[in-house]
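Hi everyone, thanks for coming. Please have a look at the structure on the screen, and then I'll walk you through it.

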Amino acid sequence: ESDGRLRNLLGMVAPAPAAETGEEPLLRGIFEISKRSCDVVLSARRLRWSPILPESPTGGTGRGAGHLREREEIIEMKDVFSVKLKRRRFVGQKKGGTLLGITIFKCLNKEDNKLTDCAIHLNNLSEDHCHSWFRHLKDILNGFQNRPKSLKVFVNPSSHKREATHVYYEQVAPLFRLADIKTDVTVTEYEGHALSVLKECELQAFDGVVCVGGDGSVSEVTHGLLLKAQMDAGKDTDYIPAPVRAPVPLGVIPAGETKR
């Protein structure tokens, strides 16, 4: 939570010095991060910050000569999947509220190629300061061409122990909403349902197709995606010696018996 001390450290937006990496800084300002006032610098590639240390009576910074500089922390912007304004709201209040700062949601690599998310809170009570930083952060995220903005989703409710619907709506859909990704969801009702939908689907309206289910579901969606690509290319679907590549990527969210 922000406190009154930040009112004296609103950190008006100012040009930042050139980064050691040669990146062009976009913004520099002061935020409270993990209950410490920090000097924060934003470039198109990364966000970096370091604590602001108090001066000692001798004119240097505190904690002795061995602690003149604390380690700078860095977030690569390519690992950020969402940025939101942080507000304090009363129970039941859905809009408005007191602006507290900005929350940055980042992907973390874990063992076995698994990903998890974490949140970094940049607290500052200045509306102008936060809105300016928020706009710049959003512009950077929107500038990544490989970021999906719209997805076609297939969910097989009959997958192992009927877990696919729960997995999608409880774990996956909230992350899509957080990342401002629009979704068109089909909950399949019979074998071949996804295939029939994909044959009529306008794939150019989406940045990707996502399948939530087991091996059978993935096989059917893959078949439909490739079949649609051949149809759109005017290929003979009975004999395809050189198949056309699918125009959009396929994402798989395991929800079958062997999901990991």
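Let's start with helix α2, residues 164-178, which lies across β8, β9, β10 and β11. Helix α2 runs at about 165° to β8. Keep in mind that this is a predicted model. Helix α3, residues 193-200, also packs on the sheet, where it touches β8 and β9. The direction of α3 makes about 155° with that of β8.

So what is the strand order in that sheet? Reading across, we get β9-β8-β10-β11, four strands in an open sheet with parallel pairing. At the edges stand β9 (182-187) and β11 (250-254). Each has a single partner strand, so one side of each is left without a neighbour in the sheet. From one strand to the next, the twist averages 20°.

Let's zoom in on one pair. Strand β8, residues 150-155, and strand β10, residues 208-213, pair in the parallel sense over five bridges. Here Val 153 stands opposite Val 210 in β10.

The largest pocket has a volume of about 1400 Å³. Which residues come closest to its centre? They are Cys 107, Leu 115, Leu 175, Phe 176 and Ile 181, out of 41 lining residues. Our helix α2 turns up again here: it gives two or more residues to the lining, as do β5 (80-88), β6 (98-109), β7 (115-123), α1 (127-142), β10 and β11. By type, the lining has 20 nonpolar, ten polar and eleven charged residues.

Finally, a word on confidence. The chain averages a pLDDT of 84, and 82% of the residues score at least 70. Over residues 1-15, though, pLDDT stays under 50, and the model has 37 contacts beyond four places in sequence for them. Residues 64-68 are also below 50, with four contacts beyond near neighbours in sequence. Where pLDDT is low, the predicted coordinates should not be read in detail.

How values were computed: Residues numbered from 1 in each chain as written. Predicted model: local features only at pLDDT ≥ 70, side-chain atom pairs only at ≥ 80, totals over all residues. Heavy atoms only, no water. pLDDT = per-residue confidence, 0-100. Contact = heavy atoms within 4.5 Å. Pairing = 2+ DSSP bridges. Axes fitted to C-alpha atoms, helices over the stretch in contact; angles between N-to-C directions. 1 Å grid on protein atoms, 1.4 Å probe; cavity = no way out; pocket = protein on both sides within 12 Å on 5 of 7 lines; lining within 4 Å. Points joined across faces, edges and corners; volume = space filled by probe spheres on them. Nonpolar A, V, L, I, M, F, W, Y, C, P; charged D, E, K, R; others polar.
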